[in-house]
Amino acid sequence: MIKKIILVLAVLALIISFFYFDLNELLTLDGLKGSMAQFDAYKAQSPLLVIGGFFLIYVLVTALSLPGAAILTLAAGALFGLVQGVLIASFASSIGATISFLTSRYLLRDTIKQRFPERLDAIDEGVKKQGAFYLFTLRLVPLFPFFVINLLMGLTAIKTWTFYWVSQLGMLAGTLVYVNAGTQLAQIDSLSSILSLDLILSFVLLGFFPLIAKGILTMFKKRRVYKGYTKPKSFDRNMIVIGGGSGGLVTSYIAATVKAKVTLIEAGEMGGDCLNYGCVPSKALIKSAKVAEHMRHASRYGLDDTKPQFSFHHIMTRIHNVIADIAPNDSVERYTDLGVEVLKGYAKIIDPWTVEIALNDGGVQRLTTRTIVIATGARPVVPELPGLKETGYVTSDTLWEKFSTLSEAPKKLVILGGGPIGSELAQAFARLGSDVTQIERGARLMKREDVEVSVLAEQVLTDSGVTILTAHQALRCEVRAGKNYLIVEPTDAQGAAQTALEYDELICAVGRRARLEGYGLEALGIDTSNKMIETDAYLETIYPNIYAAGDVVGPYLFTHVSSHQAWYAAVNGLFGHFKKFKVDYRVIPWTTFIDPEVARVGLNEQEAIAKGIDFEVTHYDFKDLDRAVTESANYGFIKVITPKGKDKILGVTIVAENAGEFMSEFVLAMKHGLGLNKILGTIHMYPTWAEGNKYAAGNWKRNHAPEKLLDLVGKYHTWRRG
């Protein structure tokens, strides 16, 4: 901090001295003309000294953002001629601009980043991709004050060397014009005579040249990527969507709504993983397990504790009935009624406009289309453990079919994975009578959440009967005396004793990976090296007419994010030749459905620390909420992250029953830039869980009460009482 203060004082001293000694008078057109004879005499006596002195003065003027750079450029032409003048002025201006840039970065960037972290992160991301291009464009147009560009670019993350060489190149045209004018200094009456309207317009057009060049390069890039393919003269469809999960369903629905001719291709069950293997069956299981838990602890509600009596087979039957009840919403019949052609079969992209479908009934059909959207989803990751295939396993996708044949829950159940899926299943099966052991390689469960959330999650799962082994890795599976065992060992202790865990069933829940195989992507050269399809911000692949959406793209593997991306894939795919839209990932909520639920949106504390944000945390504890007390569920909390001293919401974590239901208010507030003061000023019904949102906002307000003003108000009231 002291170094920054010293630097600021030094800069101020130089600027004050510049004006105090009337040096600014020398950097006027009249001052330059009046001094030329003297400068020429100095140059004749000591040419190198004059060149060096002139160079240093130019650098200093530019570095301090002082007025007069244009006059010095004229002087370079008048004193040194066109070639030598351009060299001196070009390098001096670029070096001075870089010093100004570095000064701005040193003095201001950290402060700006603390106050506006999200905005600066977004700018930095853009600068990382296109910074040199846009800086070059700005340098070509003299309408933009160059000293402002220096200062503003210093706030970004552009590399210093990139800033220097782009500035050197970009300012060369303007420097050449001024130096050339300086060679005819006697004929110049004013600076406006140098930059005529025609010349300014020429520079503006020159500034547009990089944009035009970019467009031309994009066109050539498209031609290059399509090289070797023959584009059809007409098309069977406007859009073909591959995959009938949430991403594909919403994409095809939107396309049909805007009257496009669209075909949806799905080989398996309509509705994708969420309906058939994920969200729907798991939440149905969780509900049954929660009812069993309430029966077991009915005394919390003034009733008699009762050991739940149930058939596990009946629970699984209910789960399949729930799927069947929801299935018509995603059915072939419904989407056909909506105007979508649905083909059941396996799709393979033959070329950028042709899709071949191996129909489930044995036929083969080829269709041409203007646009293709890949929404093939993801599948569970199965770790490569020795003996795993021999002993048998299930995943979060396959357990529903296998377990439906069981009359009771697995006696001994091992779950690999401490993320949301593994934690949800561990608690549910433990509540239904399974002896559950959950293995997590990392130091804690649900590692994306804050430590206090992980601690609470481990506690509630342990209370439900789950044995949790964090910091343990699975080594292999074995069969001993007809029984299955998983061999594990601690990850943080080399040579530690291994543990053999007996199990009847093993669930792999260590993550999910995009479905990429069999669709012809490799032959097309579409990049899948990161285990996902690489797209740009518009969900466009290397082929401008092939898009991807949902889990196959990421970065968030949630059903609601797939639906969100589907809008962009549909609109960009059908109307992108007019206008394309970048996917908005600014406010993404999600919920882990353990009991109590863990709902998240935006940053949590550990992420804010990692980003270097100057933030504060506001807590509200549900032990004080009337509705929570009435339901004997007064545990959990709301945790709000805000910038220091501001009510802007950067992120929220809620741990409570039904947390996912009343998180939406914070999601809406963040989406539309509403702060905690707006939530505090909103009427919330009593008694509801959502009142907790208002009380959290109230805690923030209380922590920022204007104490001095309140003291004055207190004195006023005392005076009023006489």
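Which side chain of opposite charge is nearest to E489, and how far away is it? Keep that one in mind for a moment, and hello, everyone. What we have here is a predicted model, and I'd like to walk you through a few of its spots.

So, to E489. This residue is buried and has no salt bridge; R476 is the nearest side chain of opposite charge, and it is 7.2 Å away. You can find E489 in strand β12, which covers residues 483-490. Leaving out residues up to four places away in sequence, E489 touches A471, H472, Q473, L475, A496 and Q498.

Let me step back to the whole chain. The protein has 722 residues, and 46% of them count as buried. Its secondary structure comes to 27 helices and 21 strands. If you take contacts with a separation of 6 or more, 65% of them are between residues 24 or more positions apart.

Now, what about the inside? In soluble globular proteins, nonpolar side chains tend to be buried together. Here, the largest nonpolar core has 48 residues, and the ones touching the most other members are I349, V355, I374, L521, I533 and L539. Take I349: beyond its sequence neighbours up to four places away, its contacts include I242, I372, Y519 and L524. Apart from that core lies another one, of 40 residues, with A430, L432, L461 and A509 among them.

On to the aromatic rings. There are 21 aromatic pairs in the structure. One of them is F312 with F429: the ring centres are 6.2 Å apart and the planes sit at 45°, so we call this pair tilted. F312 belongs to helix α13 (residues 312-326) and F429 to helix α17 (residues 420-431), so the pair ties together parts that are 117 residues apart in sequence. F312 counts as buried, at 1% relative accessibility, and F429 counts as buried too, at 0%.

F429 also pairs with F403. Those ring centres are 5.6 Å apart with planes at 85°, so this pair is edge-to-face. F403 lies in helix α16 (residues 399-403) and F429 in helix α17, so here the parts tied together are 26 residues apart in sequence.

Elsewhere, ring pairs link Y620, F622, F662, W689 and Y695 into a cluster. In the case of K580, the charged end sits over the ring of Y538, 4.7 Å from its centre.

How many salt bridges does the count come to? It comes to 30. In one of them, K283 meets E424, and the closest N and O atoms are 3.3 Å apart. This pair links distant parts of the chain, with K283 in helix α12 (residues 279-296) and E424 in helix α17, 141 residues apart. K283 is partly exposed, at 26% relative accessibility, whereas E424 is buried, at 8%.

E293 and R296 form a salt bridge, 3.1 Å from N to O. Both lie in that helix, three residues apart, or about one turn.

Another bridge joins D584 and K671, whose closest N and O atoms are 2.8 Å apart. D584 is in the loop between α20 (559-575) and β17, while K671 is in helix α24 (residues 664-671), and the two are 87 residues apart. And there is a network: salt bridges that share partners join D273, D397, R512 and R515.

Last stop, the backbone. A cis peptide bond joins D595 and P596, with omega about 5°, and P596 lies in the loop between β17 (589-592) and β18 (597-602). The bond from Y686 to P687 is cis as well, with omega near -10°.

Finally, two residues other than glycine with a positive phi. M446 has a phi of about 45° and lies in the loop between β9 (435-440) and α18 (451-463). N658 has a phi near 60° and lies in the loop between β21 (651-656) and α23 (659-662). M446 counts as buried, at 4% relative accessibility, whereas N658 is partly exposed, at 30%.

Methods. Residues numbered from 1 in each chain as written. Predicted model: local features only at pLDDT ≥ 70, side-chain atom pairs only at ≥ 80, totals over all residues. Heavy atoms only, no water. Helix = DSSP H or I, 4+ residues; strand = E, 2+ residues; numbered from the N terminus. Buried < 20%, exposed > 50% of the residue type's maximum accessible area, 1.4 Å probe, protein only. Lys, Arg positive; Asp, Glu negative; His and termini not counted. Salt bridge = Lys/Arg side-chain N within 4 Å of Asp/Glu carboxyl O. Contact = heavy atoms within 4.5 Å. Phe/Tyr/Trp six-rings, centres within 6.5 Å; stacked < 30°, edge-to-face > 60°. Lys NZ or Arg CZ within 6 Å of the ring centre and 35° of its normal. Core = buried A, V, L, I, M, F, W, Y, C linked by side-chain atoms within 4.5 Å.
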